[in-house]
Structures are given as structure tokens and as C-alpha cells.
Amino acid sequence: MAAFRTTKHILIHALEHGYAVGAFNITNLESIQAAIMAAKTEQAPIILQTSEKAIGYAGLGQMVAMAREETKRTKVPVALHLDHGSGFAAAKACIGAGYSSVMIDASSLPFPDNVALTRRVSAYAHTKGISTEAELGRLVGVEDKVKVSERDAFMADPAKCREFVRRTRCDALAPAIGNVHGLYYGTPKLDFDRLREIRQKVTVPLVLHGASDLPASDIRKCVRDGIQKINIDTDIRIAFTEAVHSFFRRFPRVSHTRGSYDMRTILNLGREAMTATIRKKMRMFGASGKAKSATK
Ligand SMILES: [Zn+2]
């Protein structure tokens, strides 16, 4: 049961040492193996995270069991986190299944309702020794059950961030600062002044969602200006898909060549590509080599 570290501990270490921990979305055995392999090779603390859709795909028990088995084989700090939890029931189910932390995303609700739901989930999670993440402001783009049109999107207000953290007692905050889920249309425009202001107003670790497809220079600025957790999903999917595409260009149809229909060959190409992408992100976030001191 004790395979996973607390997310709070991992993120506080990042806050104190000026780097960000990568939170990588996992969906199946291969993505879990890729993430743990990357963490071991880079000696970087890591957060594995699942959306509710990923849990729906693989099964909650299966996801925890696979992550736990892979985590047993490493001394690198690993946490398991629910990404974009939609309500109290989802958060409670993951806490019961052995997750290290849960996000409650009530950012589409009016401010008082977001406060109320986040506070309820935090209060419950804290009785179980589990930390929480919450979101303020709204992101453009499409994610699991979260759809926000361009027009509706708005950024997090720094003063509201302080009030929100104080009232909800969430352990990490994901403020909208111009980031989007998925691929960016045109040049990303993050509001770094806003990020610095939020960093001054709250003491909890800050989370950057929608960090796939951002240029490395923007990522480094975010880490410098106070982000401690960076979520990556889309870039992992792209790495997998491109690697599998390359296989099917080589073998456009099943033939007498045995390798042309061995799913292990196909999935392993995807796994290796995901590992390489995750390692690159860890180096970009400044997390490589931090595992040992984060373990203390
Ligand atoms: Zn997100």
C-alpha cells in the first residue's frame, strides 16, 4: 500500500529547490512503464496521473495495481494523482483505491460553488492523509468532460487565488494563465506577470495544465516564476501515435513476416517513444537528478 509518495511532499521539495515535477497522464500498461522507466533513468521524482476517462478505459483497480507494481521496482519518489476529478464521488473512489492525491476541478462552477466543493473534497482528503489540487479560472480547449469555448475562457485573478486557497485549504492550485489543453492554435501567450503575482499571493505549490506543445523557453519561465507541477498528456499521445505510424508505414498490411502482426513490437515502439518524450520533459523542468534529495 505504501508504494506511492505523498504528492504534497514531492511538490514542497520542488518549491524549496526551484524545479517542477512532471505529472504525466497514464492510460495503460505501456504508458505506466514508460513513465517509470523515464523517472528511473533521469533520477527524477514523478507524478503519474489518470483522468476519469483513463480510469474508465483501464479500470480503477487495474490502474492502481499496475502503477504500484512498477513503482515497487524503484526508489525514485512516485505519486499517483487523479487529474480533473469531476466531483466528490470520483475523488473519494480514488482515495479509497490508494491514490496519493486528487484534483477536484470545479472551475466551471461559479466562484462560491467552486470554493464549497473544493473545500468539501479537501476536508475529506485530509482526514485520509491525502492532498488536493484545485483549479481557478478556465482553460480554453477540450479535456475529459471539460469543454470551454474560447469566449468563456478567463484567467485566474491573483487576489481571488489567495482567497480561494485560504477558504478551500487545497494543497496545490492550478490557475488559468492563458494555458490551453491540447495543441495550441497559433503562438501560446502565457501571462507571466499574472503568474508572478499569484506566486506572491499564495504559499501552496502551483500547477501548470496544458503544458504539452509549449515552447521550452515558456516552460523554463514558468518554472522560474513559480510553477511546481507541470501536466503533460498530449505530447505523450503524440509520441506514441507517431511511433506506431512509423511501424505501419513499414508494414502497411499483415504479411508472412511474423513481426508484421506482433502487437508487442508495435506497442514497444510506442513505449520507447513515450519514455524519450517524458525524459526530455523532466530535463526541461529541472527535475532530473532530484530523486535522491526528494526521498529524504
Ligand atoms: Zn488539465
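Which residues does Ser212 touch, not counting residues up to four places away in sequence? They are Gly182, Tyr184, Asn231, Ile232, Asp233, Thr234 and Asp235, where touching, or contact, means heavy atoms within 4.5 Å.

Before going on, here is some background. This is a predicted model, in which local features need pLDDT of at least 70 and side-chain atom pairs count only at pLDDT 80 or more, while totals for chains, interfaces and linings use all residues. Residues are numbered from 1 along each chain as its sequence is written, and side-chain values use heavy atoms, with hydrogens and water left out.

**Back to Ser212**

Ser212 sits in the loop between β9 (206-208) and α9 (216-224). Those labels come from DSSP runs numbered from the N terminus: helices are H or I with at least four residues, and strands are E with at least two. With 3% relative accessibility, Ser212 counts as buried. Buried means under 20% relative accessible area, exposed means over 50%, and partly exposed is in between (1.4 Å probe, protein chains only). The side chain of Ser212 also reaches the backbone nitrogen of Asp235 at 3.0 Å.

**Helix α1 and its buried side**

Now look at helix α1, residues 7-17. Its buried residues are Thr7, Ile10, Leu11, His13 and Ala14. Why do these sit on the same side of α1? Because they cover an arc of only 155° around the axis, the arc being that of the directions from the helix axis to the C-beta atoms. Just after α1 comes Gly18, with a positive phi of about 70°.

The Thr7 side chain makes a polar contact with the side chain of Ser101 at 2.5 Å. A polar contact is a pair of N or O atoms within 3.5 Å; within protein, one must be able to donate a hydrogen and the other to accept it, and residues adjacent in sequence count only if both atoms are side-chain atoms. Leaving out residues up to four places away in sequence, Thr7 touches Ile47, Ala79, Ser100, Ser101 and Ser131.

**Empty space inside**

Rolling a probe the size of a water molecule over the atoms shows where empty space is left. Searching the whole structure turns up 3 cavities of 30 Å³ or more. On a 1 Å grid over the protein atoms alone, a cavity is a set of points where a 1.4 Å probe fits but cannot get out, and lining residues have an atom within 4 Å of a point. The largest cavity has a volume of about 70 Å³, which is the space filled by probe spheres set on the grid points, joined across faces, edges and corners.

Thr7 turns up again here: the lining of the largest cavity includes Thr7, Lys8, Leu11, His81, Ser101 and Ser131. Both α1 and β5 (131-136) supply at least two residues each to that lining. By type, the lining splits into 3 nonpolar, 5 polar and 4 charged residues. Here Ala, Val, Leu, Ile, Met, Phe, Trp, Tyr, Cys and Pro count as nonpolar, Asp, Glu, Lys and Arg as charged, and the others, Gly among them, as polar.

Ile130 is in the loop between α6 (111-127) and β5. Buried or exposed? Ile130 counts as buried, at 11% relative accessibility. Apart from neighbours within four places in sequence, Ile130 is in contact with Ile95, Tyr99, Ser100, Ser101, Val102, Ala125 and Asp171.

**Distances along the chain and in space**

Here are some C-alpha to C-alpha separations.

| Pair | Apart along the chain | Apart in space |
|---|---|---|
| Gln62 and Leu29 | 33 residues | 9.4 Å |

Gln62 belongs to helix α4 (residues 60-72) and is partly exposed, at 47% relative accessible area. Tyr57, in helix α3 (residues 52-58), counts as exposed at 65% relative accessibility. Apart from residues up to four places away in sequence, Tyr57 touches Thr27 and Asn28.

**Positive phi without glycine**

Gln43 has a phi near 50°, a positive value in a residue other than glycine. Gln43 lies in the loop between α2 (29-42) and β2 (46-50) and is partly exposed, at 38%. His84 also has a positive phi, of about 50°, although it is not a glycine. His84 is in strand β3 (residues 78-85) and is buried, with a relative accessible area of 5%.

Conventions. On a 1 Å grid over the protein atoms alone, a cavity is a set of points where a 1.4 Å probe fits but cannot get out, and a pocket is an open set with protein on both sides within 12 Å along at least five of seven lines; lining residues have an atom within 4 Å of a point.
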